[in-house]
Amino acid sequence: MLIASALAEAGSSLDPISDLNQLTAFPFMVNALEAGTVVAVMAGVVGWFMVLRRQTFAGHTLSVMAFPGATGALLMGLSAAAGYFAFSALAALIIGVSAGAQTPGNRGQESAITGAVQAFGLACGFLFLSLYRGVLANYESLLFGSFLGITRGQVLALALVAALTLGVMAIVGRPLLFASLDEGVARARGVPTRCLGVGFLLLLGLAVAETAQITGALLVFALLVAPPATAQLITTRIGASLALSVILGVLITWVGLALAYFYSHPVGFYVTTVAFVVYVLARVARAVADHPTPARDRVRASGAEAA
């Protein structure tokens, strides 16, 4: 009742301070903002490597695994979050181990296995949903997300998973970056590229499971793909791009949650829309900057003559 009345009374204004006070006036919104921030930071880091390694299809498949994971967990009387993590991690291990974990000769095999895992996962999700005998209220939130029911305990659990994931990324970040940029040279230098590939997919599965609790199984890409892809369009500097990916993810999450609070529509829709608009703007700006013009051609010609 408190949440419903709060949403009914919510209304945005032209005063950002007043709007911020409204957003933080109720515990459920504070929990949502904290959880969204935690998820955005972790998704920004893991998603940056995912985009760099061109594994967005694998990431999409792992996000789909959140659906059968949640429905299967509910069928067994467990929490949906437990199903998210279990199924996403299991799918990550199957894809990574079976496909040879990113060896150049197995690109087609990895794609085929990823597609097969995705189709099987969706089929299992609908089977579990049909077998569930109880009343599964708002089951669409499993697909499209919801921020109204996030508890303080869930925020702490998300923070713990994010800290663990980011800690592992900090340890393996340099060799993983090396293997992502030039796998052949990295392997020749003794970098365990196969183990890194499997391990990264497992981390990606955990990131997807965590992110899906905010955005839903189908909209998880809003935070895992759009901010990192936008950041890599804006700058090619590794440190700046990684930091920008995190900043964009946090801003997109906060704006999406604010719009959902004030206008009472699904948070996944707003987060995805804002992320898409930001990406399109960055794409257009990059195209304009790269488009040749007479003045730019003269500058480049004079630079070549000076050299």
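1. S88 has a relative accessibility of 0% and therefore counts as buried, a class that covers residues under 20% relative accessible area, with exposed meaning over 50% and partly exposed in between, for a 1.4 Å probe and protein chains only. The residue sits in helix α6, residues 80-98, where helices are DSSP runs of H or I with at least four residues, numbered from the N terminus. Residues up to four places away in sequence aside, S88 touches L62, M65, A66, G205, V208 and A209, contact being heavy atoms within 4.5 Å.

2. On provenance, this is a predicted model, in which local features need pLDDT of at least 70 and side-chain atom pairs count only at pLDDT 80 or more, whereas totals for chains, interfaces and linings use all residues. Residues are numbered from 1 along each chain as its sequence is written, and side-chain values use heavy atoms, with hydrogens and water left out.

3. M169 is in contact with V45, V46, F49, L176, F200 and L203, once its neighbours within four places in sequence are left aside.

4. Helix α3 (residues 27-52) and helix α13 (residues 226-234) have axes that come within 8 Å and cross at roughly 65°; axes are lines fitted to C-alpha atoms, for helices over the stretch in contact, and angles run from 0 to 180 degrees between N-to-C directions. On the α3 side A43, G44, G47, W48, V51 and L52 take part, and they meet P228, A229 and Q232 of α13. By class this contact has 6 nonpolar, 3 polar and no charged residues, where Ala, Val, Leu, Ile, Met, Phe, Trp, Tyr, Cys and Pro count as nonpolar, Asp, Glu, Lys and Arg as charged, and the others, Gly among them, as polar.

5. Helix α14 (residues 238-263) packs against helix α15 (residues 267-290) at an angle of about 135°, with the axes 8 Å apart. That makes α14 oblique to α15, since angles under 35 degrees count as roughly parallel, over 145 as roughly antiparallel, 65 to 115 as roughly perpendicular and the rest as oblique. Among the residues that meet are L248, I252 and Y263 in α14 and V267, Y270 and V278 in α15, and the residues of this contact divide into 13 nonpolar, 1 polar and no charged.

Terms used. Helices (H or I, at least four residues) and strands (E, at least two) are DSSP runs, numbered from the N terminus.
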